[in-house]
Structures are given as structure tokens and as C-alpha cells.
Amino acid sequence: MTDCHDRQGGQLAKKRKSAEPEKLVRRDVKEAAAVEQYWQTGGRPNLRKPRKNYKYVDELSHLQFELIKLQEWVRLYGLKVVVIFEGRDAAGKGGVIKRIVESLNPRICRVVALGTPTERQRSQWYFQRYVSELPAKGEIVLFDRSWYNRAGVERVMGFCSEGEYYEFLHSCPLFEEMLVRSGIYLIKYWFSVNDEEQERRFQDRIRNPIKRWKLSPMDVESRKRWVEYSKAKDVMFELTDRKKTPWYVVDADNKKTARLNCIRHLLSQIPYRDMKPVELDLPPRQPDTGYRRPKKSTQRFLPKIY
């Protein structure tokens, strides 16, 4: 009897474990649906002070609605916005970016997440491939990691020389000052997560097939070099945290509060006004003049599996 109960218990545990990724997908879908339903009730003109017993979805919906207003302001007045997201691996940068862009027009707000540079790019001026991604008028660009790779992973992993590293630390503040002088809003966020929470998130990524792709060999290697990354980050802050281009640190131990705090702060960095969308009248459909369309049997429709 004991062996039977043990087998049944083991099977139930396996079923629960295999169902966890599906629960994660369903949770995200419910969150998005709740946000969309909230939008239909109408937005609020100003950023409100959250209640002590606020609900996460309510606050996220409110902030996303404000992001839509900000987007319209950026488009109409031709602003150029660059937002940099840096920080520890698994600190939650991707989650914040996802919540920002899911309510916005991808033609106006786009995410830049560059891969490993090619041999040709390595021979270029270091900032060159990032410059090509900068926004034109009326655009918002979110950098999921940025030129600060040189001060972090390249420095710690030995992917750049000492000369290249120190040249970057000297040039970066000058480069960013040029961006600001050219009229770009430059906002830099560093996501900070403690050692224990990062370990928990790494373990979750190892177990969860939906999140497994987020854990790269470089992330695993970075765990071994926690102190070296800390030193590199401190030096980077010392030399690139300037009055005109400051770093803003996001306490990311709690993912949901980190998302809300970051989005709210982003909204506060760019002065905008409540932009109400223009009312549209749908024109009448073109009258049928006797045109005969091809038979459906001549077209390849998808199989109705669902």
C-alpha cells in the first residue's frame, strides 16, 4: 500500500511540475486581459498616488494608459527618447520592457537587443552600431542592454583590452552628453537584485522550459564572477553617473513593484500632456458593383484543428 501511495504521489508531483509552465502562460494572458479590460473603462488624466492596498493590475493598467499618452506626445511633437536597461542577469529588465511595449505602437516604440558583434563591427568605432539604432523624431528606443556591455561583461570576461576598456570609460560620458545636447532624452536604469533572489530565478529558469532560453552560458559564467561584476559596476557608476546623464537604480528583488516603480519614474522624466485620440468616423463601405470573387475552394484555408 505504501509503495502504491508513493507512486501515486510521485505521479501527481510530476503532473504538477509539468503544468507549471502552462500556468505561467495562463497567468500572463489573464494579466494582459485584465489590463485591456481596464483600458476600456477610460483612463485617468494624471498619475495618481497609489493606495496602500493597491492592486498590481490596476496600477499597471493606469501606468500603461499613461504610456499611451506619452507615446502620442512623443509622436506629435517629434521627441527622441532613449531608455537604457542594464543590470544583473535575471534582474527583471525583460519583464519591465515587455510591460512597457505591450500597450504601445511598435512603429513608435521599439526594443533594441543587439547580439554578439561581427568581425566587421569589432573593427568599427565602438559606439557605431549603437548610433545606427538611435531614434529619429517621434520615436522611443528601449535598449535591452547597451554600449555599457563594454564596462560590464566585456570587462569581466576579458572580451576587450585594457586600452579599449579605459577608452570607453573616458569616451562614454562625452558620447552621452552629445546625445543629450542633440535633443535626445536619455534615461538609464540599473536593475539591482540580491544574490539569493538571483539564484532563485536562475533555478526557476533551469526548471521551466518556457524560461529556459533566458539562461545563457554567459549567465551561468557570470554567477561565478559576482564580485568582479560588482566591482565593474561600481567603477562604471563612478565615471558615468553624471548630472546630465544620471543612473537610476531599480530595486528589483520584487518583480512587480520594480515594474511599477520603473514605469512610473519613466513617465516622470518626460513632460507630456493628456493627449486624447482624435475621433474617427468610419466611411461607408464601397458598394458592390457586381464583382464576382474567386471561389473559396481555390484558396488554401488552414485546417480547422481547434
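This is a predicted model: local features need pLDDT of at least 70, side-chain atom pairs count only at pLDDT 80 or more; totals for chains, interfaces and linings use all residues.
Local features require pLDDT of at least 70 and side-chain atom pairs count only at pLDDT 80 or more, while totals for chains, interfaces and linings use all residues. Residues are numbered from 1 along each chain as its sequence is written, and side-chain values use heavy atoms, with hydrogens and water left out.

Five strands form an open sheet. Their order is β2-β3-β1-β4-β5, and the pairing is parallel. Strands (E, at least two residues) and helices (H or I, at least four residues) are DSSP runs, numbered from the N terminus. Two strands pair if DSSP finds at least two bridges between them. The edges are held by β2 (109-112) and β5 (247-251). Each has a single partner strand, so one side of each lacks a neighbour in the sheet. From one strand to the next, the twist averages 20°.

Strand β4 (residues 184-192) pairs with β1 (residues 80-87) through eight bridges. The two strands run parallel. Within this pairing, Val 82 has Leu 186 of β4 as its bridge partner. Val 83 is partnered by Ile 187, also in β4. Five bridges join β4 to β5, again in parallel. Here Trp 190 stands opposite Val 249 of β5. Strand β4 is mostly covered, with seven of its nine residues buried. Buried denotes under 20% relative accessible area, exposed over 50%, and partly exposed the range in between (1.4 Å probe, protein chains only).

Angles run from 0 to 180 degrees between N-to-C directions, and axes are lines fitted to C-alpha atoms, for helices over the stretch in contact.

Helices α2 (residues 56-77) and α11 (residues 255-269) pack at about 25°, with axes 10 Å apart. They are therefore roughly parallel to each other. Angles under 35 degrees count as roughly parallel, over 145 as roughly antiparallel, 65 to 115 as roughly perpendicular, and the rest as oblique. The crossing of α2 with α11 is left-handed. A crossing has this hand if the near helix is turned anticlockwise from the far one by less than a right angle, and is right-handed if clockwise. Contact means heavy atoms within 4.5 Å. On the α2 side, the contact residues include Tyr 56, Leu 60, Leu 63 and Leu 67. Those of α11 include Arg 259, Leu 260, Ile 263 and Leu 267. By class, this contact has nine nonpolar, no polar and five charged residues. Nonpolar covers Ala, Val, Leu, Ile, Met, Phe, Trp, Tyr, Cys and Pro; charged covers Asp, Glu, Lys and Arg; the others, Gly among them, are polar.

Leu 260 belongs to helix α11. This residue is buried, with a relative accessible area of 8%. Not counting residues up to four places away in sequence, Leu 260 touches Tyr 54, Tyr 56, Glu 59, Leu 60 and Leu 63. Arg 99 is 161 residues from Leu 260 in sequence, yet 9.4 Å away in space, C-alpha to C-alpha.

A further helix pair is α7 (residues 162-181) and α10 (residues 226-240). Their axes come within 9 Å and cross at roughly 40°. The two helices are therefore oblique to each other. Their crossing is right-handed. Tyr 165, Leu 169, Cys 172, Pro 173 and Glu 176 of α7 meet Val 235, Leu 239 and Thr 240 of α10. These residues divide into six nonpolar, one polar and one charged.
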